[in-house]
Amino acid sequence: MNIRILPRTSSCVEVMYVNLIAGTVEVAYSKGSIYRYGNVSRRAIANLLLNPSMSLGFWVNKNCKTPRTSVRLLLTYEACMNQQPLIF
């Protein structure tokens with residue numbers, strides 16, 4: 001079950017969804033690209049959900065961009081601007 005993180009002031013993150021059970025995070029960046037991060041710490045996700053004043057950009061950098069997580073590009077900026085999904 002994906003939970004949308006309530007909007008916060010962030011210069012890099014537009015929208016973010018988390019799945020505490022699966023340990024996944026989907027991030028739509030302000031520039032338009034959308035990424036899915038897997039194997040994210042469930043404790044870190046719970047902490048994010050419980051702290052509404054936490055910076056989303058800082059949280060993503062600290063918890064999603066680590067060697068233990070996996071990352072998959074879901075939509076590029078160019079495809080987003082042309083409204084065309086990525087084809088894998």
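Contact is taken to mean heavy atoms within 4.5 Å. The structure is a predicted model, in which local features need pLDDT of at least 70, side-chain atom pairs count only at pLDDT 80 or more, and totals for chains, interfaces and linings use all residues. Residues are numbered from 1 along each chain as its sequence is written, and side-chain values use heavy atoms, with hydrogens and water left out.

Helices (DSSP runs of H or I, at least four residues) and strands (runs of E, at least two) are numbered from the N terminus. On the helix α1 side, A44, I45 and L48 meet L56, W59 and N63 of helix α2. The residues of this contact comprise five nonpolar, one polar and no charged, where Ala, Val, Leu, Ile, Met, Phe, Trp, Tyr, Cys and Pro count as nonpolar, Asp, Glu, Lys and Arg as charged, and the others, Gly among them, as polar. The axes of α1 (residues 42-50) and α2 (residues 56-63) come within 11 Å and cross at roughly 175°. Axes are lines fitted to C-alpha atoms, for helices over the stretch in contact, and angles run from 0 to 180 degrees between N-to-C directions. The two helices, α1 and α2, are therefore roughly antiparallel (angles over 145 degrees).

An open sheet is formed by five strands in the order β1-β2-β3-β4-β5, with antiparallel pairing (two strands pair if DSSP finds at least two bridges between them). β1 (3-4) and β5 (70-75) stand at the edges with a single partner strand each, so one side of each is left without a neighbour in the sheet. Strands β3 (residues 24-29) and β4 (residues 34-38) run antiparallel and are joined by four bridges; E26 stands opposite R36 in β4.

Helix α1 lies across β1, β2 (13-19) and β3, at about 120° to β2. Helix α2 packs on the sheet, touching β2 and β3, and its direction makes about 55° with that of β2.

How values were computed. Parallel < 35°, antiparallel > 145°, perpendicular 65-115°, else oblique.
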